[in-house]
Amino acid sequence: VNGDVLTWDEHHACARAWGGNLTSVHSAAEGEYLARLISHDTGGGVLFLGGRRRSRSLDFDDSGRAWEWSDGTAWRYTNWTAGEPDS
């Protein structure tokens, strides 16, 4: 967990410099684990996940084709909060 206030790109660069990647989420169990981690380690702060839109021209959907994980793994799981994604 990096507590610095940075952009997604800056956090991604830090993770790569440390030999890792931003987190990718592939199941409900992983999502629940991350929710507990965020609550415990950051006091409910911000966690940057490794997901990003491939292109602004692709529609928002749950198919995964508009999204990618920064670590290169396949986008197969979503659990969007109501009204998300919004950017």
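Modeller: A polar contact is a pair of N or O atoms within 3.5 Å; within protein, one must be able to donate a hydrogen and the other to accept it, and residues adjacent in sequence count only if both atoms are side-chain atoms. The model is predicted, with local features needing pLDDT of at least 70 and side-chain atom pairs counting only at pLDDT 80 or more, while totals for chains, interfaces and linings use all residues. Residues are numbered from 1 along each chain as its sequence is written, and side-chain values use heavy atoms, leaving out hydrogens and water.

I begin with S24. This residue is found in the loop that runs between α1 (8–17) and α2 (28–41); helices (H or I, at least four residues) and strands (E, at least two) are DSSP runs, numbered from the N terminus. S24 has a relative accessible area of 13% and is therefore buried (buried is under 20%, exposed over 50%, partly exposed in between, with a 1.4 Å probe and protein chains only). Its side chain makes polar contacts with the side chain of D71 at 2.8 Å and with that of H26 at 3.0 Å. Apart from neighbours within four places in sequence, S24 is in contact (heavy atoms within 4.5 Å) with E30, W69, D71 and T73.

W69 leads on to the aromatic rings. Rings of Phe, Tyr and Trp (its six-membered ring) pair if their centres lie within 6.5 Å; planes under 30 degrees apart count as stacked, over 60 as edge-to-face and the rest as tilted. Four aromatic pairs are found in the whole structure. In one of them, the ring centres of W69 and W75 are 4.3 Å apart and the planes lie at 20°, so this pair is stacked. W69 is buried, at 6% relative accessible area, and W75 is likewise buried, at 12%. W75 also stacks with W80, at 6.1 Å between centres and 25° between planes; W80 is partly exposed, at 31%. Ring pairs join W67, W69, W75 and W80 into a cluster.

Because E68 belongs to strand β2 (residues 67–69) and R52 to strand β1 (residues 51–53), the pair ties together parts 16 residues apart in sequence. E68 is partly exposed, at 23%, as is R52, at 30%. The structure holds one salt bridge.

How values were computed: Salt bridge = Lys/Arg side-chain N within 4 Å of Asp/Glu carboxyl O.
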